[in-house]
Amino acid sequence: MKIIWNENPLKTQVFLDDKEKEEFKIKLKNELNEYGDQYDEELYMEYIKELEEGEHNGDCICYAMTCFKCQAEDMLGINTIKGLSKYSAGAISSAFRKNGKIDGAIEELRVPFSKEHERFQEWWIPHIDRWNKDREEAIEWLIVYNKEHFSKKENRRI
Ligand SMILES: [Zn+2]
């Protein structure tokens with residue numbers, strides 16, 4: 001298994017070799033069997049695609065749908081966004097949509113929600129404290145993530 005960490009943690013890529021793909025397929029078959037479902041080649045392909053080039057998109061970032069990338073990672077016994085709450089993951093998702101780089105996303109997350117925010121709307125008021133807490137948690141998580149996966153390589157280059 002080869003993991004290529006992406007600056008956007010929701011887009012980390014997981015590549016399986018042929019043997020691992022076969023094992024994954026067997027696991028999927030067994031799992032579907034347990035639920036009385038037939039093996040579905042399309043579903044298998046979808047999981048592989050999600051692992052290789054998908055983006056976390058679903059429950060894990062507070063969208064009311066199943067995240068295929070999480071499901072596929074679960075089946076492999078890995079979690080590339082370990083320790084990240086779905087609320088902070090949601091904040092990270094929107095921060096990266098505005099700025100594709102980790103430093104830029106952290107900058108984006110540092111701008112708190114407030115009445116002075118450029119996009120402020122009245123309905124935000126009861127949510128603002130929670131959102132800002134989620135953003136702070138997201139920043140802390142991203143700083144650790146950045147150190148873990150990127151800073152070391154930069155140091156080596158120097
Ligand atoms: Zn996910």
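## Basis of the model

Residue numbers start from 1 in each chain and follow the sequence as written. Because the model is predicted, local features need pLDDT of at least 70 and side-chain atom pairs count only at pLDDT 80 or more, while totals for chains, interfaces and linings use all residues.

## Overall layout

The chain contains six helices and two strands. Helices (H or I, at least four residues) and strands (E, at least two) are DSSP runs, numbered from the N terminus. Read from the N terminus, the order of elements is β-β-α-α-α-α-α-α. The C-alpha trace spans about 55 × 45 × 20 Å along its principal axes.

Of the 158 residues in the chain, 24% are buried. A residue is buried if 20 or more other C-beta atoms lie within 10 Å of its own, exposed if 12 or fewer, and partly exposed in between, with C-beta atoms placed from the backbone. Two residues are in contact if their C-beta atoms, placed from the backbone, lie within 7 Å. Among contacts between residues at least 6 apart in sequence, 52% join residues at least 24 apart.

## Two domains

The chain is divided into domain 1 (2-76) and domain 2 (86-157), with bounds that come from an automatic or database domain assignment. Their C-alpha centres lie 26 Å apart. Contacts between them involve 10 residues of domain 1 and 12 residues of domain 2. The side of domain 1 that touches domain 2 has six nonpolar, two polar and two charged residues. Here Ala, Val, Leu, Ile, Met, Phe, Trp, Tyr, Cys and Pro count as nonpolar, Asp, Glu, Lys and Arg as charged, and the others, Gly among them, as polar.

## Helices α4 and α5

Two packed helices are described by the angle between their axes and the distance between the axes. Helix α4 (residues 86-98) packs against α5 at an angle of about 115°, and the axes are 8 Å apart. Axes are lines fitted to C-alpha atoms, for helices over the stretch in contact, and angles run from 0 to 180 degrees between N-to-C directions. On the α4 side the contact is made by Ala91, Ile92, Ala95, Phe96 and Lys98, which meet Ala105, Glu108 and Leu109 in α5. These residues divide into six nonpolar, no polar and two charged.

Helix α5 (residues 102-110) has the buried residues Ile102, Ala105, Glu108 and Leu109. They are on the same side of α5 because they cover an arc of only 115° around the axis; the arc is that of the directions from the helix axis to the C-beta atoms. The face turned away from this buried side carries the exposed residues Asp103 and Arg110.

## Selected residues

Asparagine 146 lies in helix α6 (residues 128-157). This residue counts as partly exposed because it has 18 C-beta neighbours inside 10 Å. Leaving aside residues up to four places away in sequence, asparagine 146 touches Ile102 and Ser151. The C-alpha atoms of asparagine 146 and aspartate 103 are separated by 9.1 Å, although the two residues are 43 residues apart along the chain.

Glutamate 31 is in helix α1 (residues 18-34) and counts as partly exposed, with 14 C-beta neighbours inside 10 Å. Glutamate 31 and methionine 75 are 44 residues apart in sequence and 9.2 Å apart in space, C-alpha to C-alpha. Cysteine 62 is found in the loop between α2 (41-53) and α3 (68-76). Cysteine 62 is not a glycine, yet has a positive phi of about 75°. Most residues other than glycine have a negative phi.
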